[in-house]
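Me: I have a model open and some questions about how its pieces are built. Can we go through them one by one?

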Amino acid sequence: MSQLLLGIDIGTYSSKGVLCRPDGTIIAEARADHDMSIPKPGYAEHDADAVWWSDFKQIAKELTGKAPQGDQIIGVGVSAIGACVLPVDEGGIPLRPGILYGVDTRAVNQIEELENKFTREALVEFGGTRLTTQAVGPKILWIKQNEPEIYKKTAKFITSTSYVIFKLTGNYVIDAHTATEFNPFINIKTVSWDDRFTGGIASLDQLPKIGWSDEVAGRVTAEATAETGIPEGTPVNFGAVDALSEAVSVGVVDTGELMIMYGSTAFFIFLIEKPVPTYELWLEAGAFKGQYEYSAGLSTSGSATTWFRDQFGKDLLQSESAGGKNAYAALAEEAASSPVGANGLIMLPYMSGERTPIFDPKARGVVAGLSLSHTRGDVYRAVLEGTAFSIRMNLEAMQKAGAQIKHGVAVGGGASNELWLQMVSDVSGIPQLLPEKTIGASYGNAFLAGLAVGAIKNLDVLKNDWVRIIQEIHPNAENKKVYDRIYPLFKDLYQGSKSVVHQLTDTQK
């Protein structure tokens, strides 16, 4: 009998799973797609049962059905988008759709209210970072102020991973990394719940138990076995945010290492030794006890390319459905035919506001320089270059905070777009390493599950057996010269258009 590890990740627009052995050998993969609900501008939600738990069940059933006869699943690792806010009643039943992470910007007034009450300086010193749309506390306060009946019925405020693990084990838990996004409930120095700044928001007994991603949170119940096919009693880890598991999946687990995740959003993790508060980034706990990291993220990255494909590439989607080329690949070819700088176009890719380092929930997309001569390829290239400029802004913020960045490790669905990877290296001047396997968070979850159950002894196994670098992307010096001239214009465009864009945002209903 051979041992198997199951890793499943719930993402913004899709969920993925992998079944593998403790040496990293992949047995099977599975995927489920879903939508993100946008009830009104600035809102982003998922139905916890129809998306999070439904996807998990579908993928788990498919993968357990592909397990070789006689082999045994010995551990389950879970990750999901985070941090989200899901209020549940005494029986664990969701009281409303889950409010998503920083792409949901509804709680801007509550952020201002809390900063006025406690001061930004005190909150940063306590939680390691300022309150932003990524923070959970203001969103809970939003529920209290706008949905009082739901608030009164709430027994627990949990997140996406917490809900999946609750459905699997019956336990309310949260990993330390996700917990450090529950500002202002968390003390960053002790990585524990603290009620110093929670007055009027919620009580600490409404929050789940904190643990680390390489620890066991509970075991699969008989009821969960009937729904998922995972054997009863199988250990489940404390989970992780998808980006953290992505970092693990490509071997970013040591101090001084950087992950660049190309997904629906772009996300960055740089591992550090000590918790030094920051105003431009998020300071969070890592996957393992005693580990910290600077995190940063764009609100829209791959989701901007999805929007462009769906709105302006309908012919390409029709061709793809008829057996033709993938629509994204076709758009990438068109973008590659446009010169560096997209024939004088610049796009601010702030389709859902922006997170780090500008923390502007009212920011929106802007395209500057359009003329009658521009093509679809020019505009699509401007979309890709706009995200690359935003990535540069975040990497510069990390360097300003003291990060010594030697290279980044690329992961996520967008890592298959060689044009995009080259753009990011050209714009930022940072080399990137591309692993052989860029499966993503589900692969990292399987590894974390192996650590949690003792099937994997240490992190050396990750870099020796699970991860192999097959390509290095180096900046093109000539392209970088062009981008160095455009980059200040990109920043100026944001500053110059901000007032108008904010007024336009306020008119959206």
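**Cysteines, a helix and a sheet**

Reply: Go ahead. Bear in mind that this is a predicted model.

Me: Is C20 buried or exposed?

Reply: Buried means under 20% relative accessible area. C20 has 0% relative accessibility, so this residue counts as buried.

Me: And C84, buried or exposed?

Reply: The cut-off is again under 20%. The relative accessibility of C84 is 0%, so C84 is buried.

Me: How many disulfides are there?

Reply: A disulfide is a covalent bond between the sulfur atoms of two cysteines. Here the sulfur atoms of a pair must lie within 2.5 Å. By that rule the count is zero.

Me: How far apart are the end C-alpha atoms of helix α1?

Reply: Helix α1 covers residues 48-64, which is 17 residues.

Me: Where does α1 bend?

Reply: The helix has buried residues along it, including W52, W53, D55 and F56. Its axis bends by about 35°, and the residue at the bend is S54.

Me: Which residue caps the N-terminal end of α1?

Reply: Look for a side-chain oxygen that reaches the backbone nitrogen of D49.

Me: Which are the edge strands of the open sheet of seven strands?

Reply: The order is β18-β19-β17-β16-β22-β23-β24, with mixed pairing. An edge strand pairs on one side only. That gives β18 (282-285) and β24 (469-473).

Me: In what sense do β22 and β23 pair?

Reply: Strands of a sheet pair either parallel or antiparallel. G408 stands opposite Q432 in β23. Over two bridges, the sense of β22 and β23 is parallel.

Terms used
Residues numbered from 1 in each chain as written. Predicted model: local features only at pLDDT ≥ 70, side-chain atom pairs only at ≥ 80, totals over all residues. Heavy atoms only, no water. Helix = DSSP H or I, 4+ residues; strand = E, 2+ residues; numbered from the N terminus. Expected span 1.5 Å × (residues − 1). Bend = angle between axes of the 7 residues up to and from the residue. Buried < 20%, exposed > 50% of the residue type's maximum accessible area, 1.4 Å probe, protein only. Polar contact = N/O pair within 3.5 Å; in protein donor to acceptor, adjacent residues only side chain to side chain. Pairing = 2+ DSSP bridges.
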